[in-house]
Structure formats: C-alpha cells, structure tokens
Amino acid sequence: MTITILSPQSKWIQAYVQESMKQEAEKLGFDPWGDIFQDEYERKCLECEQKSLENPNIDWEYEYINLHGSGAYLPDDYKF
C-alpha cells in the first residue's frame, strides 16, 4: 500500500482509516485488506486529508487512539 504523505497528520490518518476499515470488515465477516478495499482505503484517506485542510484542529492521533482503544500507539518503525 502506497499513499502519499500530504500533511503532518497523514500517518495518523492512514492508521485511523486502516483501523476503522478493519473493524467494519470484521463486523461484516470480510477480509479487511482484499483487493476491493484498496480503492476504498485510498478514498477514505483522501477524505480525511480534506477534513484536515478544512479543520486543522482535528487530532488524528487522538481519533485513532479512541477508535483503537486505550494504550494504542504507532511504533517508530510502523509500515503502511
């Protein structure tokens, strides 16, 4: 998966989108990273980037941690 870094929050946006899609797919019983989800992942990342441009106060790290649960973090070597 290759997504362009558009803003300082891009890594958190990508982590947030990955986790939200994973949770949605698991609820529905689908493979969260099958071929059909790549386009959706990229679309959702761009939507979140646009939201960041419209509202720079969104803290995507906070959003990710709320979605994932307490104690969530991205290790320094986390790969997207």
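Mentor: A polar contact is a pair of N or O atoms within 3.5 Å; within protein, one must be able to donate a hydrogen and the other to accept it, and residues adjacent in sequence count only if both atoms are side-chain atoms. This is a predicted model, where local features need pLDDT of at least 70 and side-chain atom pairs 80 or more, while totals for chains, interfaces and linings use all residues. Residues are numbered from 1 along each chain, and side-chain values use heavy atoms, without hydrogens or water.

Trainee: Which backbone nitrogen does D59 reach at the start of helix 3?

Mentor: A side-chain oxygen of D59 comes within 3.1 Å of the backbone nitrogen of E61. Helix 3 (a DSSP run of H or I, at least four residues) spans residues 60-68, and G69, with a positive phi near 120°, follows.

Trainee: At what angle do helix 1 and helix 3 cross?

Mentor: Their axes (lines fitted to C-alpha atoms over the stretch in contact, angles from 0 to 180 degrees between N-to-C directions) cross at roughly 20° and come within 8 Å. The two helices are therefore roughly parallel (under 35 degrees).

Trainee: How many salt bridges are there?

Mentor: Side chains of opposite charge can pair when their charged atoms come close. The whole structure has four salt bridges (side-chain nitrogen of Lys or Arg within 4 Å of a carboxyl oxygen of Asp or Glu). One of them joins R43 to E40, with closest N and O atoms 2.5 Å apart. Both residues lie in helix 2, three residues apart.

Key. Angles under 35 degrees count as roughly parallel, over 145 as roughly antiparallel, 65 to 115 as roughly perpendicular and the rest as oblique.
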